[in-house]
Amino acid sequence: MSLTVDKTNEARKVLEQSFGYHAFRPLQEEVVSSILEGNDNLVIMPTGGGKSICFQIPALIFDGLSIVVSPLIALMKDQVQSLRMNGIPAGFLNSSLSSARQSEMKQAVLLGKIKLLYLAPERLMSDGFLRFVKGLKVSFIAIDEAHCVSQWGHDFREDYLKLGKLRELFPSIPIAAFTATADKVTQQDIIDQLHLRNCRSFVSSFDRPNLSLTVMPGQNRLQYILRFVREHKGQAGIVYCLSRKGTESMAHKLIERGYSAAYYHAGMESAERNRVQDDFIHGRTDIICATIAFGMGIDKSNIRWVIHYNLPKNIEGYYQEIGRAGRDGLPADTLLFYSWADVMKLRSFIEDSPIREIQEEKLNRMMQYAESKTCRRRTLLNYFNDPYTKACGNCDICKNPPQYIDGTVIAQKALSAILRLQERVAMGTLIDHLRGAEKGYLLKKGLHKIRTYGIGKEISSGDWQYYLMQLIHLGYLDIAYIQHKWLKVTQAGKELIRERKSIEMAEPPRDKPEFGRQQRVKKKTKKQLMYEELRARLHQLRNSVAIREEVAPHQVFSDATIEDMARNRPSTYTAFSEVEGMSDAKLERFGSQFRDLIFDFKVEHHDKGSTYIESYQLLKAGKSLQEIASERGLAFSSVAGHLVRLWKNGFPIDPLDHIPAEDVSRIRGALPKEPGDHVLGEVHDRLGGAVDYWKIRIVLDMEYSD
Ligand code: ADP
Ligand code: ZN
C-alpha cells in the first residue's frame, strides 16, 4: 500500500472515530491528503462548507503540535470546546486566559498533551512565543480567515501581515490558508503575502443549497418579520440592521410580543456584548438583532434563519451573513428587505470614501441581486464566478416567478412627470406628486399645479417604488447622486416617450410569500408526529446535558445529529453508534442517556424493533429468560432467540451468560467443522438429547456468525 492510500484510510478513520461523520464533504478529502503530502494549500470554501475538519484531521494524524491561527478570541474558545467534546486534545492561548491558565496551557503543550493550539496572529508572531515554540515539534500550521492578510480582501488586518514570516521561520512544514471569501486577486495576494510555495489551491462551490433565499420590498417590514418569526418560533435566528438604534428597537418589538430576543452592536460594553453572544450560543436567547459586528466570532451550527432588515452594502458581506445560518447542513431560511431609502443611506456612507467607485459598483451589484427577476442563487453564484446554470427551486423567484405586465402607461406617466418637474425631484417627491398627495411641502413648492399631479393615484407608493427602480435598471432613468439624487430621464427614456414604445415590467409581488420551506400546516402524519415528539424530547435532554457540562447545546450534539436520531430512531446499539456526528468520545460520554431515551420512546410507541429492546430492558433489570417470557406473554424460544439478536446488534449482553458453562462446552465439543443444513438436529442427537434445542441454537448462531 502506498503512503498516500495509507494516509487516506487513516483520515477516513479519524473522520469516523473523532467526528462521527461517515463521508467527507466535497474537497475535504483532497485538502486533507494534500496537507498530509506536505504541500502548502489555499482553501476557499463557503461558510459552513466544513473548513475546520480539513485542518483538524491532518493535525490529528501528524506527530507533534499543529498551530491554528484564528483572529477571533470567541471563535477559538468555541472551536476548542467543540473539539474537546469529541475527545480531541486542543487548547488556545489568548488574553482572555489568566496568566496562570496560560502557563498551564504552555505546560500542557510542552508535555505533548495538546495536538491543536489556537492562537491569534499577534501572539504567534511575538518574540516570546516564537522562542517558546522553538523547542517544540511543530508539524503543521493552519491559517483561518486568511483573507485578512490581503488588502484586497474585505477585512484586512494589520496583524495578519506578520504571518508572512512564517514560511521562513518554519521552512519544512506545510502551511494551509483557509477563507470563505476571496476573489481571484485576493487569492493570489494571500499566496504572495504568506509566501506559500508550490501552493495548491482548492476552491469549492459556493453553493449552499440548504439556504432558502427570499427578497421582499421594504414596505411593512415589521409586519412580515413578525409573521416570519411566528413561523420560526423557538428557532435561533439573527436580524441584521444597519444602525445601532435599529437593532435596539427591533429587539424591543420582539420582546414586547413575547419572543426571546436581544440586541448587539459595537456601541455596547464588551462585557454586555459577550453576555448577549453567550446567551445566544447557549440557546438561552433565540433571536439577536445586530449590526454586522455580530456573528463573525461565533461558531453556532444551528442558526436556522437570517433576516436583513436593511440592504447590505455588498454581496460578499450579504453572503457571509446569510452563510451563518444552517451550518449544520439542515434547511435554513433567509429573508432580505430591499428599500430605496436604504440604497440612499448606503450611498451617503460611501460618498467620501477613497475607494468610492469600487464600493459603488459593489452596491450596484447588490441592488441587481435584490431586483433580480431570475433565480437568485444563480445570480449570487455567478457573482462569485461559480458557474450555475439551473434554477435552484429554493428561492422566491423559482417558487413564485414574477408576472409581467404591460408597463407602457406606467412608464409614460413616470417619465413625463419627471420631465414636467424639470428633472428636479427625487424619488419620494415624485411618488407623492404622482399620487397627488396633499403634503405641505408639495403645495408650498407648487408641485400640485403641474399637470401630472395625481395621474398615478391608483398605484400605491410601494408599487411606484418598485416600478421606478425597474425603470432605473432598465436604463430609462438615472439618478443624479451629486445633485440631490434627482431623477433624470436618460436618452433611452426620452425615446421611449417620443416613440410611444411599449415595455414590459414585472409586477410587484402580491402573494404573501412562503418563507423558505415552511409550508402551511396540513394534517400531520403519525410518522411526522412521532418524529416531532422524539425530537422535542431529545432537545430537552440535550439542553439539560449542556447545562450540566457548561457547554452550548449544539456542542453536545448538533441539530443534524439530533435530527438523525429523531428521524431514524435507531433500535440497536450498532445503529445508534452510527448516527451522524456520534464520535467515539460522545458515544462514550453521552451515548447511554440518549440511547435510553430513544429505546424507551420506541417501547412506549411499540415502534419497529421495540420487542427486542423490551426484552433487553428486562434482562438489564435482572430478569431471567423464563420470567421475561411469562411477563411478556411470549414463547420461551422467542425470548431465547432475542438473546443472539441483541448480541449481534451490539447490545452489551452475552447470551452465554444464560446457559450453564458445562452445557456450552458440551455443545462446542459436539459441533461439526462446517455448518450444514441439519446441524441443529445432529448436535442434539450427538449429545444424546440431553441439551435443550434453544441452548444449541444460541451457541450455533454465535459460533457461525461472522
Ligand atoms: P466552516 O468553518 O467552513 O464555516 P465548519 O468547519 O464549521 O464550516 O463546518 C460546518 C458544519 O458542518 C459543522 O457543524 C461541522 O461539524 C459539519 N461538518 C463538516 N464536515 C462534515 C462532514 N464531512 N460530514 C458531516 N458534517 C460535517
Ligand atoms: Zn432559484
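Start by selecting Tyr-616. This residue is buried, with a relative accessible area of 5%. Buried means under 20%, so the residue falls well inside that class. Keep in mind that you are looking at a predicted model.

**Stop 1: Tyr-616 and its helix**

Which helix holds Tyr-616? Colour residues 610-620: they form helix H29, and Tyr-616 is part of it. Now show the residues in contact with Tyr-616. Setting aside neighbours within four places in sequence, they are Tyr-573, Leu-646, Phe-651, Pro-652 and Ile-653. Next, pick the C-alpha atoms of Tyr-616 and Val-639. They are 9.8 Å apart, while the two residues sit 23 residues apart along the chain.

Stay on H29 and show its side chains.

Then move past the end of the helix. Gly-622 follows H29, and its phi is positive, near 90 degrees.

**Stop 2: the whole protein**

Zoom out. The protein has 706 residues, and 54% of them count as buried. Switch to a cartoon view. You will be looking at 34 helices and 17 strands. Along its principal axes, the C-alpha trace spans about 115 × 65 × 45 Å.

**Stop 3: the domains**

Domain 1 covers 5-203, domain 2 covers 211-362 and domain 3 covers 404-506. Look at domain 2 and domain 3 together. Their centres, taken over C-alpha atoms, are separated by 32 Å. Six residues from domain 2 and eight residues from domain 3 take part in the contact.

**Stop 4: ligand 1**

Select ligand 1. Where does it lie? Domain 1 and domain 2 both give residues to its shell, so ligand 1 lies between them.

Now show the shell itself. It holds 17 residues, and the closest are Tyr-21, Gly-48, Lys-51, Ser-52 and Arg-327. Colour the shell by residue type: five are nonpolar, seven polar and five charged. Which helix gives the most to this shell? That is helix H3 (residues 51-61), with three residues.

- Ser-52: a side-chain N or O atom is 2.6 Å from an oxygen atom of ligand 1.
- Lys-51: a polar side-chain atom lies 2.8 Å from a ligand oxygen atom.
- Gly-50: here a backbone N or O atom lies 3.1 Å from an oxygen atom of the ligand.

On its own, ligand 1 has 570 Å² of accessible area, and the protein covers 87% of it.

**Stop 5**

Most residues other than glycine have a negative phi. The next two stops go the other way.

Select His-484. Its phi is positive, about 55 degrees, although the residue is not a glycine. His-484 sits in the loop between strand E15 (477-480) and strand E16 (486-489). Is His-484 buried or exposed? Its relative accessibility is 58%, so His-484 counts as exposed.

Now go to Arg-569. This residue is not a glycine either, and its phi is positive at about 40 degrees. Look for Arg-569 in the loop between helix H26 (559-568) and helix H27 (573-577). Is Arg-569 buried or exposed? With 14% relative accessibility, Arg-569 counts as buried.

**Last stop: Ser-558**

Ser-558 is in the loop between helix H25 (553-556) and H26. Ser-558 is buried, with a relative accessible area of 16%. Show what Ser-558 touches: leaving out residues up to four places away in sequence, these are Ser-301 and Arg-542.

How values were computed
Residues numbered from 1 in each chain as written. Chains lettered and ligands numbered in written order. Predicted model: local features only at pLDDT ≥ 70, side-chain atom pairs only at ≥ 80, totals over all residues. Heavy atoms only, no water. Helix = DSSP H or I, 4+ residues; strand = E, 2+ residues; numbered from the N terminus. Buried < 20%, exposed > 50% of the residue type's maximum accessible area, 1.4 Å probe, protein only. Contact = heavy atoms within 4.5 Å. Near = heavy atom within 4 Å. Polar contact = N/O pair within 3.5 Å; in protein donor to acceptor, adjacent residues only side chain to side chain. Areas by Shrake-Rupley, 256 points an atom, 1.4 Å probe, with all protein chains shown as cover. Nonpolar A, V, L, I, M, F, W, Y, C, P; charged D, E, K, R; others polar. Domains from an automatic or database assignment.
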